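The following paragraphs are intended to be read alongside the sequence and the coordinates.

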There are 2 protein chains.
Amino acid sequence: MVFHALSDPTRRLIVERLGQGAASVSELAAPLPMSLPAVVQHLQVLEASGLVASEKVGRVRTCRLVVKRLDTVQDWIDERRRTWERRLDRLGDFLDEQARNDRTNPTNHTTEEQS
Amino acid sequence: MVFHALSDPTRRLIVERLGQGAASVSELAAPLPMSLPAVVQHLQVLEASGLVASEKVGRVRTCRLVVKRLDTVQDWIDERRRTWERRLDRLGDFLDEQARNDRTNPTNHTTEEQS
DNA sequence: CCAATACTTAAGTGTGTGCTTAACCAATCG
DNA sequence: CGATTGGTTAAGCACACACTTAAGTATTGG
């Protein structure tokens, strides 16, 4: 749900704001060009995703960023990169092998037995 | 657009698949539980976001992952973390200052002048 | 106690998204 | 050639999404 939560520009703005420290719902809503209920709906999505936590004290709900949750995205990205680099390594191995074959058996680019 | 592109599970699957190397449209579609046009639509979103590039040779379109484009997400995440840590630093400074005041002037937790 | 503040809930609306089927086009194969 | 493969285009449909306004509920300050 984290990717979905971050797919909306308004929600990313809210996350950016919360990166600078906790804030109340109306503080978050103030700079945004939409009604307060709309902001609350965004906050619900963010909270459901685990990116934001909040607690109500008196009549004011204070929201904070759950930085740890950013790992979800980070990890996914990292995994893609790792897979990609492993692929390049294998490609390198393949080319090395080809080069070896070329030296021992020029013009034949496979490893199959000769009949 | 990158965040939006990655918000869909099917598109993330496609990116994961392309992480292991380039693939044709039908290769990408084969394991997915939907029609080929649906997959093509996902590929269009991914291509518009810059995460995927493709070129057609003969009648087969080969798609590849643009790993570099993952930086967009990575950078945003990193920036959030940096902001967060700067905030914690400032909080640390504030607490240090308080501790200093506590030692020189116990019971007064502000820095204002005594009248 | 009354009014203002800080949300909260509910209901409705236009638009976007993910998918479908059907028809089509172009390259390749027997 | 005609059939198959690989992909594209178009139209339509159901549901999700980002909002809105209106009406509520607590909490708090005067």
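Of the 115 residues in chain A, 37% are buried, where buried means under 20% relative accessible area, exposed over 50% and partly exposed in between, with a 1.4 Å probe and protein chains only. The model is a predicted one, in which local features need pLDDT of at least 70 and side-chain atom pairs count only at pLDDT 80 or more, while totals for chains, interfaces and linings use all residues. Residues are numbered from 1 along each chain as its sequence is written, chains are lettered from A and ligands numbered from 1 in the order in which they are written, and side-chain values use heavy atoms, with hydrogens and water left out.

Chain A contains 5 helices and 3 strands, arranged along the sequence as α-α-β-α-α-β-β-α. These elements are DSSP runs numbered from the N terminus: helices are H or I of at least four residues, and strands are E of at least two.

Helix 2 of chain A spans residues 9–19, and its buried residues are A:T10, A:R11, A:R12, A:I14, A:V15, A:L18 and A:G19. At the start of this helix, a side-chain oxygen of A:D8 comes to within 2.9 Å of the backbone nitrogen of A:T10. Just after the helix, A:G21 adopts a positive phi of about 130°.

In chain B, 3 strands make up an open antiparallel sheet in the order 1-3-2; strands count as paired if DSSP finds at least two bridges between them. Strand 1 (23–24) and strand 2 (52–57) of chain B are the edge strands, each pairing on one side only. Strand 2 and strand 3 (residues 60–65) of chain B are joined by 6 bridges in the antiparallel sense, and B:K56 stands opposite B:R61 of strand 3.

Which residues are closest to DNA strand D? Among the 22 residues surrounding DNA strand D, the closest are A:S35, A:Q41, B:S26, B:R59 and B:R61; a residue is near a strand if one of its heavy atoms lies within 4 Å of it. Helix 4 of chain A gives the most to this surface, with 4 residues. Polar contacts are pairs of N or O atoms within 3.5 Å. A base oxygen of DNA strand D, by contrast, lies 2.7 Å from a polar side-chain atom of A:R59.

Note on methods. Polar contact = N/O pair within 3.5 Å; in protein donor to acceptor, adjacent residues only side chain to side chain.
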